[in-house]
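Q: Could you walk me through this model and tell me what stands behind each label?
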Amino acid sequence: MTPDLHARHRAVLPEWLALYYDRPIEITHGEGRQVWDADGKQYLDFFGGILTTMTAHALPEVTKAVSEQASRIVHSSTLYLNRPMVELAERVAKLSGIPDARVFFTTSGTEANDTALLLATAYRRSNQILAMRNSYHGRSFSAVGITGNRGWSPTSLSPLQTLYVHGGVRTRGPYAHLSDAEFTEACVADLRDMLGQTRGNVAALIAEPIQGVGGFTSPPDGLYARFRQILAEHGILWISDEVQTGWGRTGEHFWGWQAHAASGPPDLLTFAKGIGNGMSIGGVVARAEVMNCLDANSISTFGGSPVTMAAGLANLSYLLEHDLQGNARRVGGLLIERLRAIGASTPCVREVRGRGLMIGIELVRPGTDEAHPDAATAVLEECREHGLLIGKGGGHSTSVLRIAPPLTLTVAEAEQGAAILERALRNAS
Ligand code: PMP
């Protein structure tokens with residue numbers, strides 16, 4: 001069954017549509033943090049939380065809301081009043097921390113970032129954008145143009161003029177051995193240099209508070225607050241891409257920008273992924289004067305669909321009522337601690353990093369500082385054999401294991417997954 005589907009996939013879908021594993025898995029159903037493949041094999045899902053299923057697979061509250069709304073009406077998202085869209089917008093606006101916030105719903109993170117770029121460039125009347133090295137912001141023509149991770153940026157013919165600044169990652173390269181304070185000063189100097197080159201006529205800087213696809217790397221504390229201060233002097237907007245870091249995943253905070261809180265809320269915030277717990281919701285939040293700067297109509301047929309909005313409302317209620325941010329902090333904290341203990345005695349582990357339930361394990365060739373993508377692939381395969389799904393990422397060499405389970409993960413499940421990872425990491429060392 002699966003080999004045949006794999007062959008059919010390859011025959012009809014693009015080569016660049018990535019699939020994990022030598023023998024890719026066909027997932028047929030799920031419940032909670034567990035999924036099953038077409039052969040009936042069960043897996044603990046340590047990655048679905050970042051992909052789609054932020055809360056839990058087949059969460060009854062969400063599936064009920066979706067099926068009730070789908071059996072009532074799925075009509076245009078705009079042109080007529082849409083109660084679930086207004087209600088979700090009210091809640092997201094309030095949660096965003098942005099004063100006088102307006103919300104526009106899209107169907108993906110890519111489209112959310114595209115819209116943020118449309119707004120920022122129109123508002124500032126400039127198509128110059130600052131983005132971070134090693135970043136990922138989506139797959140549209142303009143989103144790949146601001147994606148610093150070259151492995152995910154298949155064309156350089158961008159409609160935007162983008163300059164990439166240092167700060168999101170420093171694992172390797174000229175800044176690798178600097179202290180946090182030295183790295184911060186070097187990045188600030190780099191930013192000032194970029195601004196000098198553009199004569200300050202930049203629309204916005206876009207940044208992920210923690211780089212997701214880039215391998216779950218964070219800037220040093222205080223760096224983005226410094227950046228914000230400098231950009232504000234020029235009226236340059238700050239776009240926080242919260243597609244991976246939003247909704248409490250990082251445990252300590254509801255949004256990733258709050259880890260850099262000295263700089264206050266961003267001018268624009270983009271979100272997507274799991275807020276619909278699998279239904280396709282993305283969106284942009286911006287203060288009214290930025291959101292309303294467009295002087296022509298711009299609607300989305302499916303962005304804000306009553307069905308996805310119903311899913312978003314049910315999911316948001318669930319995660320707030322069950323304090324899943326607190327769960328991410330507690331269970332994620334224990335998992336990070338456990339993985340650090342494993343990493344300390346496992347030669348291929350360079351670093352275990354992360355916040356809450358967003359955890360990266362960076363792998364190197366034992367005894368060196370050299371990235372070890374083969375080990376990452378081997379660990380992924382072995383975990384799969386023992387019933388655990390994880391992800392991978394990182395810059396040009398994919399050598400970081402990524403762990404982002406649904407936010408309802410229990411301590412027992414964290415322990416179960418850590419035990420499988422421990423064996424696979426030791427075998428890869
Ligand atoms: N921004 C970030 C930070 C992401 O991680 C992603 C998806 N990996 C996107 C944007 C694009 O989202 P989507 O795949 O929904 O278009």
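Predicted model: local features only at pLDDT ≥ 70, side-chain atom pairs only at ≥ 80, totals over all residues.

Q: Which residues of H11 are buried, and what do they pack against?
A: The buried residues of H11 are Leu324, Gln325, Asn327, Ala328, Val331, Gly332, Leu335, Ile336, Leu339 and Gly343. An α-helix has 3.6 residues a turn, so residues three or four places apart point the same way. The partners of the buried residues of H11 are helix H10 (306-321), strand S11 (349-355), strand S12 (358-363) and helix H13 (411-428).

Q: Why is the radius of gyration said to agree with a compact globule?
A: For 429 residues, a compact globule would have a value near 22 Å; the chain has 21 Å, so the two agree. The C-alpha trace spans about 60 × 55 × 45 Å along its principal axes. The chain contains 13 helices and 15 strands, and 52% of its residues count as buried. Of the contacts between residues at least 6 apart in sequence, 75% join residues at least 24 apart.

Q: Why is Trp247 called buried?
A: The cut-off for a buried residue is 20 or more other C-beta atoms within 10 Å. Trp247 has 25 C-beta neighbours inside 10 Å, so Trp247 counts as buried. Trp247 lies in the loop between strand S8 (237-241) and strand S9 (268-271), and has a positive phi near 70° although the residue is not a glycine.

Q: Is Leu79 buried or exposed, and what makes it so?
A: Leu79 has 9, so Leu79 is exposed. Leu79 sits in the loop between helix H3 (60-72) and helix H4 (83-96). Leu79 also has a positive phi, about 75°, without being a glycine.

Q: What makes S8 a mostly covered strand?
A: In S8, 5 of its 5 residues are buried. Leu237, Ile239 and Asp241 point one way and Trp238 and Ser240 the other way, all of them buried. S8 pairs with strand S7 (residues 204-207) in the parallel sense over 4 bridges, and Ala204 has Leu237 as its bridge partner in S8.

Q: Why are S1 and S13 called edge strands?
A: Their open sheet has 4 strands in the order S1-S2-S3-S13, with mixed pairing. Strand S1 (27-31) and strand S13 (388-389) each have a single partner strand, so one side of each is left without a neighbour in the sheet. Elsewhere in that order, strand S2 (residues 34-37) and strand S3 (residues 42-45) pair in the antiparallel sense over 3 bridges. Gln34 stands opposite Leu44 in S3.

Q: What makes up the shell around the ligand?
A: By class, the shell has 4 nonpolar, 9 polar and 2 charged residues. Of the 15 residues around the ligand, Ser108, Gly109, Thr110, Gly138 and Val243 come nearest. Helix H5 (residues 109-124) gives the most to the shell, with 3 residues.

Definitions and conventions:
Residues numbered from 1 in each chain as written. Helix = DSSP H or I, 4+ residues; strand = E, 2+ residues; numbered from the N terminus. Rg over C-alpha atoms; globule rule 2.2 N^0.38 Å. Buried ≥ 20, exposed ≤ 12 C-beta atoms within 10 Å, placed from the backbone. Contact = placed C-beta atoms within 7 Å. Near = placed C-beta within 6 Å. Nonpolar A, V, L, I, M, F, W, Y, C, P; charged D, E, K, R; others polar. Pairing = 2+ DSSP bridges.
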